[in-house]
Amino acid sequence: MKNKVVVVGVNHAGTSAIRTLLTQNPELEVVAYDRNDNISFLGCGIALTVGGVVKNVNDLFYADCHSLEALGAKVSMNCDVLSIDTDQKMLRIKDLNSGKEFTDTYDKLIYAAGSWPVNFPIKNKDLGNIEICKLFQHAETLIEKANDDTIKSVAVIGAGYIGIELAEAYHQKGKKVTLIDMQERVVPAYFDAEFTDRLQQDMVSEGIELVLGAKVTEYQGKDGNVKKVITTKGDFDADLVIQCVGFKPNTELLPKAEKLPNGALIVNSAMQTSIPDVYALGDTAAIYHAALKRHAYVALATNAVKTGIVAASQINGVEAVKLESIAGTNAICVFGNSLASTGLSEEAARQAGLKVKTSFFTDNSRPEFMQTADKVSCKLVFEEDTLRLVGAQIGSYGEQSHTECIYYLALAIQKELSLLELAMTDVYFLPHFNKPFNFILSAIMQAVGLDYIKK
Ligand SMILES: Cc1cc2nc3c(=O)[nH]c(=O)nc-3n(C[C@H](O)[C@H](O)[C@H](O)COP(=O)(O)OP(=O)(O)OC[C@H]3O[C@@H](n4cnc5c(N)ncnc54)[C@H](O)[C@@H]3O)c2cc1C
């Protein structure tokens, strides 16, 4: 049977899908459209380039349309998909170079149109030097402004992981940085106060002006450029403002599909939406969240790549490749704090109505007889009745990062394990690396009342 696959959006999710589709089945007809002029740009490297760690922003690409065409795909860049008729299986597309519109048809549609930074209504938002952070094009602007000596002060709005990374990067470039958020803590969605208190202290002692619990009400400018950010907690100088207040899925082209309230497309473990033959990937999709036991929106590159592999495999008949659940595993490395979390923070779990308890444990990473060690903290969030693990956070403070232990905690959440099952994981002990009761096991022992290892 002929199977023409059309891919809408060719960034991380679309690229992953195309590579998998054509590696598994080189004969498949794959046509792809993207409104941008570049693909596979790693946004995670923007702050690293602004701060000077990454020397060349062009190193943040890992594929281009030629590499996908070499696999057999027909990739059309600068082509905006204007509408999709899922009854007729037809798309209307505009070539942004020529201005011409045309149509195409599909047997299977892979929808990977991603997300866009949330815009908020605010007075004087059209002033110059008010930026967002998503694309390669934004990266070029943000890097240029980091090296512009006339820009002395930077206000970052939104203290999620992108906002904090940018705050650190502009601070490293010698700018006076103000980080503003409506919430009372930084990265509140992922980390509880045991971790954010220390991070906030480290930020402030480095010289970042942290303005929390404050609403931005207005921008003020001079000669067409922004100069001040007005908030409910005072006014702050800003020659450059970067708005980082979250992402909205680009899903308006599929109005009939089942969605979450934020517009994310609800998918099953095969990445199928509620519309036949339409698969949704990456930042467009709401995936079953193992801790919440319902669909949730977690916009991360990790999910983009996985969902691409799953949808492609399903289309090619490799049905064993599924994504049953996610746990929302993430990490941040800023101001000397290496943090990772998975599942729900205590605050998020309580907000979701779960009855949880927690165990927080701080220790040296390896035995004291080894002379040197890193400080490591672990917080486990678990259901009171069942001891099911629903969240974990690791803070690693020292030479080595111990954050990768979060992987097995993520698997525990995805497999719905209890603390007792997790405690029996066959982990190693070697003095060079860890303690016989490592910091995760110690947190579990504390949770179940066997806290005799505590000094
Ligand atoms: C600054 C920054 C840092 C990040 N850091 C990390 C990190 O450290 N770790 C991590 O896991 N994730 C990180 N992320 C998140 C990650 O980048 C996203 O989850 C990922 O880009 C999602 O990939 P995607 O392909 O689903 O969507 P997108 O990257 O949004 O790509 C969607 C594509 O669809 C195209 N498109 C949209 N609409 C249309 C249309 N109508 N017609 C044609 N084309 C269209 C767009 O041009 C785009 O190329 C970061 C994101 C940013 C912005």
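What is the accessible surface of the protein, and what share of that surface belongs to carbon and sulfur atoms? The accessible surface comes to about 20500 Å², and carbon and sulfur atoms hold 52% of it. Such areas were computed by the Shrake-Rupley method with a 1.4 Å probe, and for residues only the protein chains shown count as cover. The model is predicted: local features need pLDDT of at least 70 and side-chain atom pairs count only at pLDDT 80 or more, while totals for chains, interfaces and linings use all residues. Residues are numbered from 1 along each chain as its sequence is written, and side-chain values use heavy atoms, with hydrogens and water left out.

The secondary structure consists of eleven helices and 26 strands. Both kinds of element are DSSP runs numbered from the N terminus, helices being H or I over at least four residues and strands being E over at least two. The C-alpha trace spans about 70 × 60 × 40 Å along its principal axes. A compact globule of 455 residues would have a radius of gyration near 23 Å, and the value for the protein, 23 Å, agrees. This radius is taken over C-alpha atoms, and the globule rule is 2.2 Å times the number of residues to the power 0.38.

Of the 455 residues, 54% are buried. Buried means under 20% relative accessible area, exposed means over 50%, and partly exposed lies in between (1.4 Å probe, protein chains only). Among contacts with a separation of 6 or more, 62% join residues 24 or more positions apart; a contact means heavy atoms within 4.5 Å. The protein carries 44 positive and 55 negative charges, whose mean positions are 2 Å apart. Lys and Arg count as positive and Asp and Glu as negative, without His or the chain ends, and each charge is placed at NZ of Lys, CZ of Arg, CG of Asp or CD of Glu.

Helix H1 covers residues 12-24. H1 is mostly covered, with ten of its 13 residues buried. The buried residues include the run from His 12 to Ile 18, as well as Thr 20, Leu 21 and Leu 22. Their cover includes strands S1 (4-8), S2 (29-33) and S7 (108-111), together with helices H3 (65-71) and H7 (301-315).

The loop between strand S26 (389-397) and helix H9 (406-414) contains Thr 403 and also Ser 401. Thr 403 counts as buried at 12% relative accessibility, whereas Ser 401 is partly exposed at 43%. With residues up to four places away in sequence not counted, Thr 403 touches Ser 338, Leu 339, Ala 340, Ile 394 and Ser 396. The C-alpha atoms of Ser 401 and Lys 375, 26 residues apart along the chain, are separated by 9.9 Å.

Positive phi angles occur at two residues that are not glycines, with about 75° at Met 271 and about 60° at Lys 293. Met 271 lies in the loop between strands S18 (265-266) and S19 (278-280) and is buried, with a relative accessible area of 0%. Lys 293 is found in the loop between strands S20 (285-289) and S21 (294-296) and is partly exposed at 42% relative accessibility.

Technical notes
The expected span of a helix is 1.5 Å times one less than its number of residues.
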